[in-house]
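I opened the notebook to record what I looked up in this structure.

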Amino acid sequence: MWWLAGVAALLLSAVAAVCFGLDPWLRRRLEKAVTEQSGGRYVLRIGNLRTHLATGSLTLTNARLRPTAQFASGPDSLPRLALDLPRLRLTGISLLALWRQRPQVIDSLSISGLRLRIDSLSGTKTSPSAPLHARLPARVPGVGLAHLAVRDARVLVAGRRRPRAAFERLDLTARHIRLDAAGAADSARLFYARVWQGQLRGAQARVEHHRIRVRTVAFDSQAGVVTVDSLRMRPTRIGRRGPSYLTMQIGRARLTGLQAAALAGHRFRADSLRIVGLHFDLTAPAKPPPPLHKQLKGLFPSFELADLRLTDGYVRLRGLAHAPIIRALQLHAEQLRIDSAASVDPARVLYARAWTGSTGAAEIPIEPPFYRVGYGRVAFATRPGTLRATDVFLTPTLTIAETARRKGHGITQLTVRVPELSVRGGDFGAFARAGSLLMAEVTFRQPRVFLLSDTRYPIDPEESLVTPEAVRKIPFPIDFRRIAITDGHLDFRFIGTVSPRYGTGRVTQLNGTVTNASNDPTRMTDATPMVARVSALFLDQCRAQATARMNLLDPRGRHRVTGTFGTAPAQIMNSILEPAALTRIQTGTVQRIDMDMTGDRDGIRGELRGAYRNLHIRLLNKQVEQTLLTKIKSKAANKIVVHDNNPDKPGEPLRVGRIESRRERRYSVFALWKQGLVSGALHAIGLGEEKAQKMSETQTEPTVEESALPAGPVMDKKPPKPLRILKKLVPGKRRER
């Protein structure tokens, strides 16, 4: 009995020692372990620790972790932080498994009210840190945790002035955690757990001169869903142009089908991403950034997203010569894959198998500050290669006088409005990769064009780019199988060099096609040239049609133009001739005009056959009036130079007008065609061949002196001296570009 009583007393003493001495010992042991393992750089103080052996649970309250004064001399691999933990509770601890050094299986770990402040993260490390499961105590070969819950946690990453990162509240749960080598290698787990769920509220961060704020982020790894509500990014400062600055706002984003386990292997796989209310305002950096797949390579070398949809977007790019603003942007991308192979895949456009989308009104400057171009709405689809734009416009932003002052020479100012422009068979991938313009068909419906020119200013000293041979200099491939214009309208207005009065004209009911407009040597040959065919109503009364054929890769710019003008009163030309040549057609009827011209870099040659009746002209003074002197000159011109009829008598052959005119390369090819018509028409009505040629080539000195131009830089080059041609018979001299 005494022996049994002694054993019982010993057991009771052991139980009492465990019950009353285990908690203080374990608390001191934890505090000491932190101090030893941190080399005295940290101190842990636990307010209360209580174990319940019967239920295998542990409760810890009011724990505080703080750096000590020795932290400054510690290794740079340790982060500097401060932690407050109001409550931690473990349940389902197995002392037997701990005693036998077997994997520990725990029912739950609950953490409430965590407050963490990080003053600095770990610095340079000499070797990569071991994974978490390899840093467990020697007596614990592994840990299994059925349920982890973190409630009302707050984290702050401190900076010098403002927090670098912080969030107001984190609620997190994880299930089926296996903290060992097998759990780390399990492809069905993300960071040792099969399921992660949580919600982050009031998050903010500062990265690369920007501040990011997010109202709510919710995630569920089992369902593969991540939802972001109200994300905002703002630049903290904007200085000289160098780094890029981005202002971005997202109303709501939802990612579904995310393969969370793949994230541990730096692989991104997801089914869909929906973004609503994107506001994207970027100031481009001075140096172009690397391609997107190179930027993502460090984080996600493999990135795949099956479906991307963006609605109600706004995009603005600053810091570029052509800084676009896009509103009401809607985008849909299919099978998006971002890597180096996808960037050059001809079956993809900007990493995706197909893009469809639409935008609201947008505009960008063209040749700033002289023009702006824009549209009302655009819809496109890359897989069939279609695009439709409405209310397209090109308008000048300055007056013609101000433009001439800034450019230092005269110009023809252009205004264009196209109610509808459509593209079929466009290669969007070639455009995205190399800027190539490859399209099966482009159609301009009801375009309206207005040309305004003032020929009194000096001409541009550079060669014109609107020429056949200039296509060879385009630095990227172009290939338009067919360009169509339907029901076009052209108005032009000009001031000539001999009269302050405007000349006007118009071309209506303009319909035409251009085929094989290409700089591809396999397509563009002498046997398969570009062919342009147009028909129109000239000056509201004369039906006209023309065909032009040209090899756009011919360095000589050789081409051929044929055309026909129908029956019309000759007086319809007066709105052009009176201010430009001080000539008025008094009577006359044009029955038909046929032309055949061949041009190149040197000039234009050919024949013009014009049948007309009862042609009489009047010469005018600079005020576009007739005086006694001009009446005398008019009578002389009609008697000596102008033939009244062609042919002179019925049944006689037509007088053929010889087309011969040298080319001024500072003018466009359209000016060359006009020169050919002028030389052929003048020769046909009776002017000598040599005089007709000189008349067509006449360039006169601007009547606006440089001192009379709007204030600005002095012209670089003086205009050429005037040519005095037919001074007695034709006092008016003109020059049109």
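Entry 1, the model. I noted at the start that this is a predicted model.

I looked up where Asn646 sits, and found it in the loop that runs between helix 10 (628-641) and strand 32 (656-662). Is Asn646 buried or exposed? Its relative accessibility is 0%, so I wrote it down as buried. The cut-off for buried is under 20% relative accessible area.

I then looked for what surrounds Asn646. Apart from neighbours within four places in sequence, Asn646 is in contact with Gly610, Ala611, Tyr612, Leu654, Arg655 and Ala684. For Arg655 I have a distance as well: a polar atom of the Asn646 side chain lies 2.9 Å from the backbone nitrogen of Arg655.

How many aromatic pairs does the structure hold? I found six. One of them is Phe268 with Phe303, which is stacked, with 4.4 Å centre to centre and 5° between the planes. I checked where the two rings come from. Phe268 belongs to strand 12 (residues 267-276) and Phe303 to strand 14 (residues 302-318), so this pair ties together parts that are 35 residues apart in sequence. I also checked accessibility: Phe268 is buried at a relative accessible area of 10%, and Phe303 counts as buried at 13%.

Another aromatic pair is Phe670 with Trp673, and I recorded this one as edge-to-face, with 5.3 Å centre to centre and 80° between the planes. Both residues lie in helix 11 (residues 669-685), three residues apart, which is about one turn of the helix. Phe670 is exposed, with a relative accessible area of 51%, whereas Trp673 is buried, with 18%.

I went back to Phe268 and Phe303 to see whether other rings join them. Ring pairs link Phe268, Phe300 and Phe303 into a cluster.

Which ring does the charged end of Lys407 sit over? I found that of Phe370, with the charged end 4.5 Å from the ring centre. I also looked up Arg493, which lies over the face of Tyr502, at 3.8 Å from the ring centre.

My notes on Asn646 describe a buried residue in a loop. My notes on rings describe a stacked pair between Phe268 and Phe303 and an edge-to-face pair between Phe670 and Trp673.

Terms used:
Residues are numbered from 1 along each chain as its sequence is written. This is a predicted model: local features need pLDDT of at least 70, side-chain atom pairs count only at pLDDT 80 or more; totals for chains, interfaces and linings use all residues. Side-chain values use heavy atoms; hydrogens and water are left out. Helices (H or I, at least four residues) and strands (E, at least two) are DSSP runs, numbered from the N terminus. Buried means under 20% relative accessible area, exposed over 50%, partly exposed in between (1.4 Å probe, protein chains only). A polar contact is a pair of N or O atoms within 3.5 Å; within protein, one must be able to donate a hydrogen and the other to accept it, and residues adjacent in sequence count only if both atoms are side-chain atoms. Contact means heavy atoms within 4.5 Å. Rings of Phe, Tyr and Trp (its six-membered ring) pair if their centres lie within 6.5 Å; planes under 30 degrees apart count as stacked, over 60 as edge-to-face and the rest as tilted. A charge sits over a ring if NZ of Lys or CZ of Arg is within 6 Å of the ring centre and within 35 degrees of the ring normal.
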